[in-house]
Amino acid sequence: MTGPTAGALTGFTVLDLTQGLCGPYAAMRLADAGADVIKVEPPEVGDCARALPPFTDPSTGPSNDGAESAIFLALNRNKRSVAIDLDTHTGRYLVRRLAADADVVLEDLGPGRAEKLGLGHSRLKADNPDLITCSISAWGEQGPMRDLPGAELVVQAMAEYTRSLGRIGDAPIRLGADVANLNTAIFASQAVTAALFHRLRTGKGQRVAVSMLRVLLHMRGIMWAARSDPDFWGGFHLDHYVNPPEHGYEAADGRLFFGLRRASSEDFDRLMIDLGLVDHIADDRFGNFGRDAAPLGRHVEEAREVWEEAFRQRSVEELRTLIQSAGGDAVGFNDYPSLFEHPQIRALEVTTEIEHPTAGPVRTLRPVARMDASPASVRTPPPLLGQHTDEVLDTVGVDAAERAALRAAHVIA
Amino acid sequence: MTAILAGIRVFDMTLAAVGPWASKLLGQLGADVIKVEAPEPEMSHQIPPKVKGTGVLYISANFNKRQIVLDLKSEADKAKAYRLASHCDVFIQNMRTGAAEKLGFGYDDIVAVRPDVIYVTSTAYGRVGPMASDGGVDPLLQAFSGFTSVNGPEGSGPEEGGFEMFRHLAHLDITTSSNIVEAVLQALIHRERTGQGQHIEIEMVTAALALQHTKLAEFFATGTQPPPLGSASTITAPHQAFQCQDREWLTVGVTRDEEWPAFCRALQLDDLAHDPRYETNADRVAARTELASTLAARFATKPAAWWAHRLTQAGVANSRVQDFDTLRHHPQVTANQHLVEIETPHFGTLTVDQVPWDFSATPAGPVVAGGLQGEHSAQIRAELGLDDDANGAAP
């Protein structure tokens, strides 16, 4: 796409050597913004994410043969796929040829490994002086764990995340979302985009790096300040650490969470009257116009039962209206089915559908930011393995006869 | 070495976490971020814990910026603010829907004084729909966005300890911030190429959904809610925590088929590597419960340190469960300077997270503590001539 509605990164080419969740998601965010992303996959099995369940139901596809990984489909739209074996000398040579024409190379091979394969920044830069390379690692490029692979739970556990769920001493609980991978992908996309901006202004490329551990520690930045040398050890950042798991408050038809951030005296009195909690207006625990007793307040645990007794008589929607009228906010807990039924989510049009050649229609989330001059977009479905090998290698002068020979030698597919 | 965003100025009209964190990151990339504060201190000053009297949220969300107090409800200060805006490439606000417009600082108002501005509207639930004017902070978004629906012990639902919130209450705030930063960087590229600014809209709820991209993919493909599995993964196996002989929990993750034989060797369970029930990742996920019970029995025979050593030698991802104190001084954290200590004028020595990106040619940071409320007011007013024009017209 070109013209006034093209994404901001239109015209840039990204050679993506990554697999799994993090790198491919970073590359997809660049692709959504308009970049031409060429995904390099191993010829036999492709990106390891192609093997992740669940798989689409073959019967929904046009030819009943398309059981595709839902995870792979979610992370690889707007890309082209080239199957090249990086374990072969010739394969690496081909990748260097592609890198010579690219603006960005994204890799997650592990610290030092790209260099060993002759695919490191300094080697690639010889044929492409203003190239930007982005390296993603699990733990950082130094230190005793640098060569250890990362895995979502393992990074979460290392970064303390499993201690912020569950009960101390019980079996660890993880965040179900793949935050180590996906939060890191956003920072990788930022790093590449920032480096592209710098190159536009100065003509100079560079190497950028991000790690999952660094990103997860960044996400807890408030905690590091809180634990530096607090005036007193208190407040929810510090107290919550030993609190029981938080599941919100029980209402008549589900659970809800609320806050009383802006409540005034009059609002608070009215709320307590409406909830039948008049006796607690003067309750010390409900000080600060109820804020002390509300979530994040210092008496939240002692007051929980009082609130719940009143909430159990009313629906989530009724409570949302009541609490809002008292200068607070309240929402119900959603699971995915209820979330996508919700009028707010419908109004935001958060999903779109793309037609995949074998899996058929695939529902996918739209890009997050709405940019009125350079909108990100969903343009093409996730590629089949090696779907674009011919057209991409053609651009670097590998002709049909050479490709046939390379295929026969299992260097490409 | 010039910083990436050298020469880019940001008008930061933000409160609490989402907006301030975004502009902080732009400051760490080298932008001159000017936080415009109301005369009454924002609430994040007051939320405990505090360090030397200032709330830690205010401290940590406002590194690498300068602060000026302007009363946007007074005509005189409003004129100064417009003049300031005319000097700014980027404008960020995260007020409730409609509030910035009401103050006279909506997109149209700012474009009038700075035609190529990159203007960010950050809301909780968007500017359309029945919740357009609802306020939102991290815990509310955790509940609403489905983020908690995949957290909890295996087999748990709403009544059995499922739908568990992440006790660190800022993750979705900062996730939203990082989406803002990415979009602003894209918009700067677009402006560099075309001279054109633009309006960017970002909702916390959409950012929260994007963070669940892989979980939602399961839901979209199957039509079924992916269940919470305690520490286990729904898409790879073995990928969970096991309790070892010394009662310590060790987390392990086999995420690629080629790691499976190495994992089996490390556990001295070579037969498993050839067991057809567990041949591929999809097989192991399907037989997860059965496989986990075999592995749990094995892990229970030796201490965590023993297994950690063997798995590390075999190149299989593993870690014990760290807490903040063990993490703070972990050799991996120290070696990479993932956390650093900085000296600050107002808050003493602070431990801070290092800037999240390493740039070889244009290093970001260093992390510098911001000031107290309005600390740089006089400096900024003089530097940008905010008091020069009594009429407040843009130059």
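**Strands and cavities**

Guide: In this predicted model, A:Ala251 has A:Gly254 of β8(A) as its bridge partner.

Visitor: Which way do β7(A) and β8(A) run, and how many bridges join them?

Guide: Strand β7 (residues 249–251) of chain A and β8(A) run antiparallel, joined by three bridges.

Visitor: What does β8(A) pair with besides that, in the case of strand β9?

Guide: Strand β9 (residues 329–332) of chain A pairs with β8(A) over four bridges, in the antiparallel sense. Within β9(A), A:Gly332 is the bridge partner of A:Leu256.

Visitor: How many residues of β8(A) are buried?

Guide: Five of the six residues of strand β8 (residues 254–259) of chain A are buried, and the strand is mostly covered.

Visitor: Turning to the cavities, how many are there of 30 Å³ or more?

Guide: The structure holds seven of them. The largest cavity has about 170 Å³ of space. Its lining comprises 18 residues, and A:Arg29, A:Pro367, A:Val368, A:Ala369 and B:Glu182 are the closest to its centre.

Visitor: Which elements give two or more residues to that lining?

Guide: Those are α1 (22–32) of chain A and α7 (171–194) of chain B. The lining of the largest cavity divides into 10 nonpolar, three polar and five charged residues.

Visitor: And how much space lies in the second largest cavity?

Guide: About 120 Å³. Of the 15 residues lining the second largest cavity, those closest to its centre are A:His240, A:Asn243, A:Glu246, A:Glu301 and B:Leu169. Helix α12 (residues 300–311) of chain A gives the most to this lining, with three residues.

How values were computed. Residues are numbered from 1 along each chain as its sequence is written. Chains are lettered from A and ligands numbered from 1 in the order in which they are written. This is a predicted model: local features need pLDDT of at least 70, side-chain atom pairs count only at pLDDT 80 or more; totals for chains, interfaces and linings use all residues. Side-chain values use heavy atoms; hydrogens and water are left out. On a 1 Å grid over the protein atoms alone, a cavity is a set of points where a 1.4 Å probe fits but cannot get out, and a pocket is an open set with protein on both sides within 12 Å along at least five of seven lines; lining residues have an atom within 4 Å of a point. Grid points are joined across faces, edges and corners, and a volume is the space filled by probe spheres set on the points. Ala, Val, Leu, Ile, Met, Phe, Trp, Tyr, Cys and Pro count as nonpolar, Asp, Glu, Lys and Arg as charged, and the others, Gly among them, as polar. Buried means under 20% relative accessible area, exposed over 50%, partly exposed in between (1.4 Å probe, protein chains only). Two strands pair if DSSP finds at least two bridges between them.
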